[in-house]
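Please read the points below alongside the model.

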Amino acid sequence: ALSTFRSICGEDGVSLATAVREQHGKDESVHRCRPPDVVVFPRCVEEVSALAKVCHDNRLPMIPFGTGTGLEGGVGAVKGGVCFSLRKMNQILDFHQEDFDVTVEPGVTRKALNAYLRDTGLWFPVDPGADASLCGMAASSASGTNAVRYGTMRENVINLEVVLADGTIIHTAGKGRRPRKTSAGYNLTNLFVGSEGTLGIITKATLRLYGIPEATVSAVCSFPSVQAAVNSTVQILQAGVAIARIEFLDDVMINACNMFSSLSYPVTPTLFLEFHGSEQSLAEQVNTTEEITQANGGSDFQWARDAETRKRLWKARHDAWYAAQALRPGCKAYSTDVCVPISQLPQIIVETKTDLIENKLTGPIAGHVGDGNFHCLMVVDPNDPEELRRVHLFSERLARRALAMNGTCTGEHGVGLGKRALLYEEMGSMTMQVMQGIKDTLDPNNLMNPGKVLLPREPQSEK
Ligand SMILES: Cc1cc2nc3c(=O)[nH]c(=O)nc-3n(C[C@H](O)[C@H](O)[C@H](O)COP(=O)(O)OP(=O)(O)OC[C@H]3O[C@@H](n4cnc5c(N)ncnc54)[C@H](O)[C@@H]3O)c2cc1C
Ligand SMILES: *[C@@H]1O[C@H](CO)[C@@H](O)[C@H](O)[C@H]1NC(C)=O
Ligand SMILES: *[C@@H]1O[C@H](CO)[C@@H](O)[C@H](O)[C@H]1NC(C)=O
Ligand SMILES: *[C@@H]1O[C@H](CO)[C@@H](O)[C@H](O)[C@H]1NC(C)=O
Ligand SMILES: *[C@@H]1O[C@H](CO)[C@@H](O)[C@H](O)[C@H]1NC(C)=O
């Protein structure tokens with residue numbers, strides 16, 4: 001197969017080097033590195049398709065690789081095989097300014113897209129913090145801080161070009177199609193969003209764009225309790241304020257951010273807020289929000305009006321991961337990720353903080369609370385199996401707490417390796433049989449990112 005790979009994507013498009021394989025065998029999670037046997041660097045969809053055909057004929061596993069910023073072990077080659085690194089496919093195609101859409105290749109990152117759009121008055125708002133590839137974000141159904149206003153990847157992908165396990169190229173909404181709405185047939189686009197490389201390789205994504213807001217202000221507000229901060233969030237949404245970002249940081253998290261990013265916010269439960277709109281609508285949104293936060297005992301807003309201060313504020317939020325790690329030098333952050341109906345948020349956060357304290361675990365909480373989604377950034381010594389085990393049990397308890405509240409075991413990081421058993425608990429056996437049936441139809445030989453999302457099948461057993 002190797003010589004065929006080289007004839008398809010060139011000598012320098014195929015690597016067996018240990019360093020290259022190791023770099024492609026892990027993401028940002030604590031799952032250990034599982035290097036693929038070979039890494040290929042295709043330059044276009046035809047090469048992806050030709051490579052996939054060779055893999056298919058030789059029954060070689062295929063693992064798509066975006067930028068490796070995933071948090072659930074999605075890119076590890078648990079069965080060896082061929083990693084498809086898509087970074088050479090980095091063209092931005094078919095930008096339609098008047099239609100608010102653009103098509104990107106899989107090597108384009110969200111920051112690269114927004115840099116390209118800078119002077120057009122448009123932007124792509126989905127923002128997981130990391131500078132991830134947009135097709136990797138589609139593959140993991142990512143979201144982040146702006147989702148409360150603009151939606152997640154699910155709401156913002158219009159069409160996908162996908163190479164299936166046997167090399168077939170399909171367009172999930174029909175080639176070149178990009179209507180704002182459709183009721184034509186099954187939604188295959190949505191099927192591939194969140195499929196984590198287990199159904200095919202996404203080689204193009206057509207995305208929705210938005211007008212850059214006329215004005216933006218950010219503010220920080222401190223609260224006497226978790227409950228007061230979350231109650232405020234619920235009430236702000238109930239009041240119909242189209243808030244762009246509403247991020248919760250607990251006392252441990254804000255303390256870590258203060259130290260890491262040289263800030264001096266009070267060490268209490270905190271909301272970072274951002275408003276987008278015209279000057280007039282901003283004044284209204286801010287007024288309503290301040291009345292609500294004040295009624296809940298929140299502090300006066302600390303404003304970040306100019307672009308520089310705002311940038312510093314959101315950088316601090318995005319650096320929360322590194323701030324958490326800095327709490328215990330030499331340790332690794334491991335992010336949990338659950339999402340519940342928003343009315344259940346106060347209860348689950350309060351219970352989770354009690355659990356953390358009782359089990360003597362370091363786990364600052366940061367949440368996209370407007371969506372009912374939050375993370376405990378567990379800081380753990382990767383060389384201490386006993387601590388790793390306690391963290392693992394904690395995160396299982398957390399996920400089960402979310403499931404008991406009719407939430408999900410993952411709001412945005414995906415299932416990957418770590419949450420496969422929880423997915424079965426969340427969905428139930430009949431739903432999982434349907435998912436397995438879809439997998440069998442699209443990838444009968446289980447070559448696409450095997451071992452992820454679905455548990456290996458137990459022969460003859462209906463789980
Ligand atoms: C500091 C930090 C903060 C983060 N915060 C957030 C957050 O707030 N919200 C959030 O949602 N995520 C967050 N993440 C996680 C991560 O950024 C997202 O999961 C992102 O979508 C992964 O994109 P990627 O290109 O790096 O994918 P990778 O890590 O390369 O891959 C992820 C999965 O998608 C598959 N895949 C990748 N590209 C393709 C493709 N073209 N076709 C098919 N399958 C593919 C891979 O096989 C793998 O299973 C954070 C990560 C870090 C490090
Ligand atoms: C189909 O799914 C995509 C991706 O999740 C979504 O953006 C789109 O709105 C869906 N279309 C319909 C008609 O529901
Ligand atoms: C939060 O809201 C709940 C229900 O609306 C209420 O019972 C509780 O007293 C509130 N807590 C605080 C601290 O505001
Ligand atoms: C909001 O606007 C009303 C009416 O203009 C005003 O009375 C009130 O003080 C404002 N509230 C805040 C918190 O600024
Ligand atoms: C979860 O949903 C089920 C079925 O609708 C319902 O009976 C149950 O009360 C819900 N649980 C919670 C905590 O909302």
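1. Helices (H or I, at least four residues) and strands (E, at least two) are DSSP runs, numbered from the N terminus. On that scheme, E196 sits in the loop between α8 and β10 (201-208). The model is a predicted one, in which local features need pLDDT of at least 70, side-chain atom pairs count only at pLDDT 80 or more, and totals for chains, interfaces and linings use all residues. Residues are numbered from 1 along each chain as its sequence is written, chains are lettered from A and ligands numbered from 1 in the order in which they are written, and side-chain values use heavy atoms, with hydrogens and water left out.

2. The phi of E196 is near 55°, a positive value in a residue other than glycine. E196 is also buried, with a relative accessible area of 14%; buried means under 20% relative accessible area, exposed over 50%, and partly exposed in between (1.4 Å probe, protein chains only). V453, in the segment after α17 (429-442), is another non-glycine residue with positive phi, near 65°. Its relative accessible area is 11%, so V453 is buried.

3. Domains. The assignment gives domain 1 (92-211), domain 2 (215-321) and domain 3 (327-404); such bounds come from an automatic or database domain assignment. The C-alpha centres of domain 1 and domain 3 are 30 Å apart.

4. Main core. A nonpolar core is here a set of buried Ala, Val, Leu, Ile, Met, Phe, Trp, Tyr and Cys residues joined through side-chain atoms within 4.5 Å. Which members of the largest nonpolar core touch the most other members? They are F275, I348, I349, F374 and M378, out of 43 residues. Elements that give two or more residues to this core include the strands β12 (215-222), β13 (245-249), β14 (270-277) and β19 (373-380). Among the helices that do so are α9 (226-238), α11 (279-295), α14 (345-358) and α15 (385-404). Because domain 2 (215-321) and domain 3 (327-404) both give residues to the core, it lies between them.

5. M378 and the second core. Leaving aside neighbours within four places in sequence, M378 is in contact (heavy atoms within 4.5 Å) with K332, A333, Y334, T336, L356, L361, T362, G363, V391 and F394. A second, separate core has 27 residues, including V104, A138, V193 and I202.

6. Helix α10. In this helix (residues 251-261), the buried residues are M253, I254, A256, C257, N258 and S261. Their cover includes β13, β14, α12 (307-318), α13 (320-326), β18 (365-368) and β19.

7. Ligand 2. The residues around ligand 2 (a heavy atom within 4 Å) are R154, E155, V157, T182, N187, T189 and N190. Helices α7 (153-156) and α8 (188-192) each supply at least two residues of this shell. Polar contacts are pairs of N or O atoms within 3.5 Å; within protein, one must be able to donate a hydrogen and the other to accept it, and residues adjacent in sequence count only if both atoms are side-chain atoms. Oxygen atoms of ligand 2 lie 2.7 Å from a polar backbone atom of R154 and 2.8 Å from a polar backbone atom of V157. A polar side-chain atom of N187 is 2.5 Å from an oxygen atom of the ligand. The protein covers 68% of the 360 Å² of accessible area that ligand 2 has on its own (Shrake-Rupley method with a 1.4 Å probe; for residues, only the protein chains shown count as cover).

8. Ligand 5. A404, M405 and N406 surround ligand 5. A polar side-chain atom of N406 lies 2.3 Å from an oxygen atom of this ligand. Of the 360 Å² of accessible area that ligand 5 has on its own, the protein covers 27%.

9. R110. A polar atom of its side chain lies 2.7 Å from the backbone oxygen of G129. Beyond four places in sequence, the contacts of R110 include V126, D127, P128, G129, A130 and D131.

10. G25. This residue is in the loop between α2 (18-23) and β2 (38-40), and G25 is buried at a relative accessible area of 1%. The C-alpha atoms of G25 and D37, twelve residues apart along the chain, are separated by 9.6 Å. Not counting residues up to four places away in sequence, G25 touches R32, C33, R34, P35, P36, V75 and G76.
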